[in-house]
Amino acid sequence: MALLISGGSIVSAEAVWDHVTMADRELAFKAGDVIKVLDASNKDWWWGQIDDEEGWFPASFVRLWVNQEENTAAETVEGASPSPSEVQNGHADASPSSSDCLCQPAQDRDQMRANIINEIMSTERHYIKHLKDICEGYFRQCKKRRDMFNDDQLRVIFGNIEDIYRFQMGFVRDLEKQYNTEEPHLSEIGPCFLEHQDGFWIYSEYCNNHVDACMELSRLMKDGRYQQFFEACRLVQQMIDIAIDGFLLTPVQKICKYPLQLAELLKYTVQEHSDYRYVAAALAVMRNVTQQINERKRRLENIEKIAQWQASVLDWEGDDILDRSSELVYTGEMSWIYQPYGRSQTRVFFLFDHQMVLCKKDLIRRDILYYKGRINMDRYNVVDAVDGRDDDFNVSVKNAFKLSNKDSDEIHIFLAKKLEEKLRWLRGFHEERKMVQEDEKIGFEISEYQKRQAAMTVRRMTKQKGHRSVPPGYPPPMDPMNPGQYLVGDSMEQSEFEFPEPERCKSPFWQSFSRLTPFRK
C-alpha cells in the first residue's frame, strides 16, 4: 500500500462506516464518502484528504481501490485491517460510471458481470469458513472453560454469532443454487437477497454489541492467560494469523460490503437482463439494512447521555429511562391539563420511545428540573384538537392536541405556544410510534450489560465532578424524516400541514440535552 502511494499512484478509499472525530487532526466522514489516501505507513491509522480537509482516520473503516489510468477499471487493493477472507483472496473491483458501462462492448460487460458474481461467491464461501472458525475454534472452546468465562462474558464477546452463522449457511446454499458455473454472467442472485432480507436484521444486534465485545476483549487481554488461550484456539483450528478481534470484526465488515458489491453488480447488469430488477431491489434493501444498523449504533452511543440526563433530574421516581427507552425523540415546554376543569400547569416534556417524562423547572435556578411523572405512550392515542372551545375540558384552546387513553376515559390536553411547535409535537409522536414499530420488527433492545455500563459511567462522572451531572451539548443527528408535508396518523383527524423552520434560539440546560433528538426544533 505504501509502495503504491510512494510510486505516484492515486489511492482512493470509500468509507463503509461513519467516522465521528474524537480528537484534533482526525478526518470525519460518512459512509459512502471517497477519501484520497496520502499516507498509509501506519497499519491502523491512515492520513487522508476529502476536498480541502486532511486528517487521520481508521483504516478499518474504508474499502480501497487504486485509480490507474483514465478510462480504465479500478483495481481493489488489500488495505490495513482487512477481513480474513481478503487476506487470503485479493479481488478485482471495477467502479466505472454507469455511462462507461453502457458504452462497453457486450462481451466486456458480460465478463465484468461474471467477475463480480465470481467475487461475491468466493467471498461468501470464505466468509462461511471464518464464521465456522469463530463458532467452533473460539466460541465452543470458551464455553468449555468455565473457570475463565462466565455466561455474561460469552454473550458480550460473541453476541449472536451462532445465529449469523446459521443464517449465512442458508443464504449461501440458495446463492449456490442460483450460480451458473458455466456462464456466471447469467446467474440470477438478486432474488436470494430479497428472499432473505428479513434475516439480515440479525446483524443489527451483532454490530450494536461489537463495541462492548472489543472493550471486554481488551480488558481480558491484559491477563497473559487469555492471550495464550486465544492463540492456542487459533492454532488448533488452523486459522490464519489474525487476532480474535479481527475475526469478530468480519460480520461488521460483511454487512457493510453488500451494498458496495450489489451497486457494482448493477452497473454491469443491462436492463434487459432477467436479474436487473431483482439486483436493483436487493441494493435498496441492503442499503436500508446498513442505514438502520448505523442508526441503531448511534442510538446506543447516546444511552450514556440519557442516563446522565436522568441523574441530573431531581426527585426521580420509578424505573430508569433505559429500562424501556433508548432515544429522545422531542422535547419542549407546554401548558398541560390532565383532568376536566383541572388547573393548567406549565411543564417541560421529554418524549422518548415508549414514554414521555414530565418535569418542572426550579423557580430560582431555571436550569434545574424536578421529576413530576411520566406517560406510557404505548397506552395512548394522539388526537388533534381544533382551535376553539373544547367539549372534553370545557375550555378555549389554541394550538392544542390530546392524549387519549386506549383503555379508559383518561384524557390529557396540551397547549403549545405556537402552531409550529404543535406541529412539531405531532410530528414527534408520529416518529415515536414509527420507531417503536421498527424496533419490534428487528428486535432492537438495550442489553443489561449496556445499561450497567452506562450507569457505571454516570456514577464515575458524578463522583469526579462532585455534583449532579449536566448533559453536555451534543451535535444533533440528521433528521430521519423528510421535511415538508406531514400527514397525521390514523388516530388523528386527517389533514396536511407544512412545517416552517423558525430561527433556532439559545436555550438553557435541558435544551442542550434536546440536541439528542432525531430532528431539530
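## Contacts along the chain

Of the contacts in the chain with a separation of 6 or more, 64% are between residues 24 or more positions apart; contact here means heavy atoms within 4.5 Å. Buried residues (under 20% relative accessible area, with exposed meaning over 50% and partly exposed in between, for a 1.4 Å probe and protein chains only) make up 50% of the 521 residues. The chain has 15 helices and 17 strands, which are DSSP runs numbered from the N terminus (H or I over at least four residues for helices, E over at least two for strands).

Residues are numbered from 1 along each chain as its sequence is written, and side-chain values use heavy atoms, with hydrogens and water left out.

The average pLDDT of the chain is 79, and 77% of the residues score at least 70; pLDDT is the predictor's confidence in each residue, from 0 to 100. Over residues 66–100 the pLDDT is below 50, and this stretch has 75 contacts in the model beyond near neighbours in sequence. Residues 466–511 also have pLDDT under 50, with 108 contacts beyond four places in sequence. Where pLDDT is low, the predicted coordinates should not be read in detail.

## Helix α11 and its partner α10

Let's start with a helix pair. Helix α10 (residues 244–267) packs with helix α11 (residues 276–301) at an angle of about 155°, and their axes are 9 Å apart. Because of that angle, α10 is roughly antiparallel to α11 (under 35 degrees counts as roughly parallel, over 145 as roughly antiparallel, 65 to 115 as roughly perpendicular and the rest as oblique). Axes are lines fitted to C-alpha atoms, for helices over the stretch in contact, and angles run from 0 to 180 degrees between N-to-C directions.

On the α10 side, the residues that meet α11 include I255, Y258, L262 and L266. Their counterparts in α11 include V279, L283, M286 and I293. By class, this contact of α10 with α11 has 16 nonpolar, 1 polar and 1 charged residues. For these classes, Ala, Val, Leu, Ile, Met, Phe, Trp, Tyr, Cys and Pro count as nonpolar, Asp, Glu, Lys and Arg as charged, and the others, Gly among them, as polar.

Helix α13 (residues 419–442) packs with α11 at an angle of about 105°, with the axes 13 Å apart, so α11 is roughly perpendicular to α13. Here Q292, R296 and R299 in α11 meet M435, E438, D439 and I442 in α13. The residues of this contact divide into 2 nonpolar, 1 polar and 4 charged.

With α12, the axis of α11 comes within 4 Å and crosses at roughly 35°. R299, L300 and E301 in α11 meet I303, E304 and K305 in α12. This contact of α11 with α12 divides into 2 nonpolar, no polar and 4 charged residues.

## W201, a buried loop residue

W201 is found in the loop between α7 (190–195) and α8 (202–220). At 11% relative accessibility, W201 counts as buried. Leaving aside neighbours within four places in sequence, W201 is in contact with N288, V289, Q292, K441 and I442. The C-alpha atoms of W201 and I293 are separated by 8.2 Å, although these residues are 92 residues apart along the chain.

## Two residues with positive phi

Most residues other than glycine have a negative phi. D315 has a positive phi of about 60° although it is not a glycine. D315 lies in the loop between α12 (303–312) and β7 (328–337) and is exposed, with a relative accessible area of 51%. Not counting residues up to four places away in sequence, D315 touches Y370 and Y371. The C-alpha atoms of D315 and L369, 54 residues apart along the chain, are separated by 9.0 Å.

H354 is also not a glycine, and its phi is positive, near 80°. H354 sits in the loop between β8 (345–352) and β9 (355–361). With 15% relative accessibility, H354 counts as buried.
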